[in-house]
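Here's a quick tour of a two-chain model, written for someone who would rather look at the coordinates than read about them. Have the viewer open as you go.

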Amino acid sequence: MRRIVWLLFCREWRLAWRRPGDLLNPLVFFAIVISLFPLAVGPEPSMLRIMAPGVIWVAALLATLLSLDGLFRSDYEDGSLEQWVLSAHPLTLMVLVKVAHHWLVSGLALVILAPLFGLMLALPPQVLPVLCLTLLLGTPVLSLLGAVGAALTVGLKGGGLLLALLIMPLYIPVLILGTGAMDAALQGLPVMGYALWLGCLAVLALSLAPLAIAAGLRIGVSE
Amino acid sequence: MNWSFFHKLGSPKWFYDISGRWLPWFVLATVLLLSVGIVWGLVFAPQDYQQGNSFRIIYIHVPAAFVAQSCYIMLAVAGIITLVWRMKLADVALRCAAPIGAWMTFIALITGAIWGKPTWGTYWVWDARLTSMLILLFLYFGIIALGQAISSRDTAAKATAVLAIVGVVNIPIIKYSVDWWNTLHQPATFKVTAKPAMPIEMWFPLLLTVLGFYALFTVSLLMRMRVETLRREGKTRWAREALEKMS
């Protein structure tokens, strides 16, 4: 069991690094979306500071969704997904490895990149650790829930827009808790409660989402 | 308990026959409950001491919101039945109920907006319950869109079933997070556990319209399901005979 996890992870890792451009695209998207906001609403630091938590979270959410669109596509097209479904190892574990790898190369990169954009949106430096912490807890939920949508739309043409339509409403709790924590931090209030709730959501998604992803993939493959 | 009725539900022909026999009674119940409830509520119920006559929209707004929320739970139950027992009829119910639920949500939102103008002074506020109804509408849109995007009927059935179940697991989380985020709306009108805050002349017609809306939902669901069953079973003999009898 441990071996198959390790082998799968290495495979994902190699595949991802053969096309490093694909890894970069969501991050560039994240950067551009965030840069659009000061251009649209004006460069006033006091206004940017109020908007910054929301802007960063919405941009992170969209970037995750965009990067998830192709999560299972190539595996579906070349037939390796069928082998996964047929194999003796639990499909839930294999999709969990795949999503974990996806989070490592997209979600974690957003967590590392976010403080930079926080500074550019005039956030005070002392709230940046809170930004990182909430993103660290929230982005795995985004990846896992989004993977459910990606699994359900795996065989469909133009699945990207449909994926956004299906999954965006489910992202709302993460968005509310993430921005809530940031607002509390900006006002000097404790953020532990929000962080614990986000942690709860992460644990819940980690335990339940793989089941839904596996069910979705089985449906997609059987078509 | 005798489960034979449950197994019979797997047969489209049986469903078509039995629903044809039930339908007139549900239509009768809908007409009676809605006409009595609405006339009573709109004409005879006393005015609200604060809101005057504008509160009367409650007799449309609250029932629609009730049905909208229960319908989503029904979708998830139908989804579980589709996935576990592979019952065709559950899938028909899921696909036929989703648009009705979306319309009910839409009615609740629109009447809420119309009600909001005289009482809160604005058509829309980003209040917790309004927002969660809006999100519910988006969840319905997602199910309808997924069902339409997948061409294979069997795959579409299973995929929408999974989505409905994922949605229903998320609904309480969304609900509580939105409640936490902002709250201005009055608390729930009816609670099973507590005595209603309204006088009986006000809440009894409301109870009638709530039941009437459920009956209306049942009628439109049964009618949609009957048409969809005929469309799917169009090649069988009983469906052709039923169609010939109609024309």
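pLDDT is the predictor's confidence in each residue, running from 0 to 100. That matters here, as this is a predicted model. Chain A has a mean pLDDT of 89, and 100% of its residues reach 70 or more. Within chain A, helix 7 comes out highest at 92, while helix 8 is lowest at a mean of 85.

Chain B averages 84, with 92% of the residues scoring at least 70. Where pLDDT is low, the predicted coordinates should not be read in detail. As for the complex, the predictor gives an ipTM of 0.85 and a pTM of 0.87.

What does chain B have in the way of helices and strands? The tally is 8 helices and 0 strands, so along the sequence you read α-α-α-α-α-α-α-α.

How does the radius of gyration of chain B sit against a compact globule? For 247 residues, such a globule would come in near 18 Å; chain B has 20 Å, which agrees. Along the principal axes, the C-alpha trace of chain B spans about 60 × 40 × 40 Å. Buried residues account for 39% of the 247 in chain B. Take the contacts in chain B between residues at least 6 apart in sequence, and 79% of them join residues at least 24 apart.

## Where the chains meet

The contact draws 18 residues from chain A and 23 residues from chain B. On the chain A side, helix 7 (128–152), helix 8 (159–167), helix 9 (172–186) and helix 10 (192–222) each supply at least two residues. Helix 10 of chain A gives the most, with 5 residues. By residue type, the side of chain A that touches chain B splits into 16 nonpolar, 1 polar and 1 charged.

## A closer look at helix 10 of chain A

Helix 10 of chain A has 31 residues and reaches 45 Å from first C-alpha to last, close to the 45 Å expected at 1.5 Å a residue. Where is the kink in helix 10 of chain A? Look at A:L208, shortly before the proline A:P210: the kink there is about 35°.

How values were computed
Residues numbered from 1 in each chain as written. Chains lettered and ligands numbered in written order. Predicted model: local features only at pLDDT ≥ 70, side-chain atom pairs only at ≥ 80, totals over all residues. Helix = DSSP H or I, 4+ residues; strand = E, 2+ residues; numbered from the N terminus. Rg over C-alpha atoms; globule rule 2.2 N^0.38 Å. Buried ≥ 20, exposed ≤ 12 C-beta atoms within 10 Å, placed from the backbone. Contact = placed C-beta atoms within 7 Å. Nonpolar A, V, L, I, M, F, W, Y, C, P; charged D, E, K, R; others polar. Expected span 1.5 Å × (residues − 1). Bend = angle between axes of the 7 residues up to and from the residue.
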